[in-house]
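Open the model in your viewer and keep the selection panel at hand. Each stop below says what to select and what is there.

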Amino acid sequence: MYSDSHVHLYDVFNESAFAPTLVPGSVLCASAHAEAEFVWQESYGRMWPKQVKLSFGNHPQDPCVAHAPMLINLVEGGRLSGIGECGFDLYTPAYRARLDEQKACWDMQLDIAERSGLPLVVHCRKALDLVFKDTRRLKRLKAVVFHGWPGSAREAESFLERGVNAFFSCGKGLLRGDRSLQATVCALPVERLLTETDAPWMTLKGESISIPADIRAVTARGAELKGLERDAFALAVYENFTAVFGTFS
């Protein structure tokens, strides 16, 4: 049982011109930040019963509080299993110039996540200190998923020590030798780990895109680092996934 906590099925379709194929029996959470993207993924998910959960959020690379009404409508309609991805991205000068807008969108989505009881999916690049500043608010949430965990093992442990119900999602960085990410997987209990592809965006050298089937390799590498059989690791991560995003009825 494979679980992919963060994937963009609509973007996989746009980048490849083929509808994405899911690994049989796998589960995933498809993230969207625009209405057309969400509607497509919601429709596509109906073709894969009991495999697809959905999240929606205002991405920090294009912050706009005007998305709040749609997010609220999706929450009230019971169409979401998560809020996000949302957070901070200070990777480029253009992104840094919009920090105030990013902060406004972050605050808005934190409020919605707290009121709705839905987990928050966090995107963070070069800005982990800003997320740490809100640990008092984060600890009130059902769960916080750090997509593509960007920090160290010690920083991950610090969120847990501060009472945040945090899960750290690891992707293809494990396959390209990201030492910090590997150290995080080794240091944390398996009960705090998730796996992801971020397809189509998280690629290895020589790859044009990532695909949902890459979750097999990510899971195998995670199991190796934890010293577990692949199936045992996959089952533990699946249980984390359903604890965060809910079970499939």
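This is a predicted model: local features need pLDDT of at least 70, side-chain atom pairs count only at pLDDT 80 or more; totals for chains, interfaces and linings use all residues.

**Stop 1: helices H1 and H2**

Select residues 9–16, helix H1, and residues 35–45, helix H2. How do their axes cross? They come within 8 Å and cross at roughly 95 degrees. An angle from 65 to 115 degrees counts as roughly perpendicular, and H1 and H2 are therefore roughly perpendicular to each other.

Now show side chains at the contact. From H1, pick Leu 9, Tyr 10, Asp 11 and Phe 13. They meet Ala 36, Glu 37, Trp 40, Gln 41 and Tyr 44 of H2. The residues of this contact divide into 6 nonpolar, 1 polar and 2 charged.

**Stop 2**

How many aromatic pairs does a search of the whole structure find? The search finds 13.

Select Phe 146 and Phe 159. Their ring centres are 4.7 Å apart. Their planes stand at 40 degrees, so the pair is tilted. Phe 146 sits in strand E6 (residues 144–146) and Phe 159 in helix H8 (residues 153–161). The two are 13 residues apart, and the pair links distant parts of the chain.

Phe 146 lies in strand E6 and Phe 168 in strand E7, so the pair ties together parts that are 22 residues apart in sequence. Phe 168 is buried too, with a relative accessible area of 0%.

From Phe 159, go to Thr 135, one of its contacts. Thr 135 lies in helix H7 (residues 135–138). Thr 135 has a relative accessible area of 10% and is buried. Leaving aside neighbours within four places in sequence, Thr 135 is in contact with Phe 159, Arg 162 and Val 164.

**Stop 3**

Switch to backbone atoms. Most residues other than glycine have a negative phi, and most peptide bonds are trans.

Which peptide bond comes next? Select Gly 84 and Glu 85: a cis peptide bond joins them, with omega about 25 degrees. Glu 85 lies in strand E4 (residues 82–89).

Go on to Ala 199 and Pro 200. The bond between them is cis as well, with omega near 10 degrees. Pro 200 is found in the loop between E8 and H10.

Next, check phi. Ala 17 has a positive value, near 70 degrees, and is not a glycine. Find Ala 17 in the loop between H1 and strand E2 (27–32). At 58% relative accessibility, Ala 17 counts as exposed.

Lys 126 is not a glycine either, and has a positive phi of about 60 degrees. Look for Lys 126 in the loop between strand E5 (120–125) and helix H6 (128–132). Lys 126 counts as exposed, at 65% relative accessibility.

**Stop 4: helix H10**

Select residues 215–226, helix H10. The helix has 12 residues. From first C-alpha to last, H10 reaches 16 Å, close to the 16 Å expected at 1.5 Å a residue.

Which residues of H10 are buried? They are Ile 215, Val 218, Thr 219, Arg 221, Gly 222, Ala 223 and Leu 225. Show what they pack against: strand E1 (3–7), strand E7 (166–170), helix H9 (179–187), strand E8 (193–195) and helix H11 (230–245). Gly 227 follows H10, with a positive phi near 70 degrees.

**Stop 5: helix H11**

End at H11, one of the elements that H10 packs against. At 1.5 Å a residue, its 16 residues should span 22 Å. The end C-alpha atoms of H11 are 22 Å apart, which agrees.

Colour the buried residues of H11, among them Phe 233, Ala 234, Val 237, Asn 240, Phe 241 and Phe 245. Finish on Gly 246, which follows H11 and has a positive phi near 100 degrees.

Note on methods
Residues are numbered from 1 along each chain as its sequence is written. Side-chain values use heavy atoms; hydrogens and water are left out. Axes are lines fitted to C-alpha atoms, for helices over the stretch in contact, and angles run from 0 to 180 degrees between N-to-C directions. Helices (H or I, at least four residues) and strands (E, at least two) are DSSP runs, numbered from the N terminus. Angles under 35 degrees count as roughly parallel, over 145 as roughly antiparallel, 65 to 115 as roughly perpendicular and the rest as oblique. Contact means heavy atoms within 4.5 Å. Ala, Val, Leu, Ile, Met, Phe, Trp, Tyr, Cys and Pro count as nonpolar, Asp, Glu, Lys and Arg as charged, and the others, Gly among them, as polar. The expected span of a helix is 1.5 Å times one less than its number of residues. Buried means under 20% relative accessible area, exposed over 50%, partly exposed in between (1.4 Å probe, protein chains only). Rings of Phe, Tyr and Trp (its six-membered ring) pair if their centres lie within 6.5 Å; planes under 30 degrees apart count as stacked, over 60 as edge-to-face and the rest as tilted.
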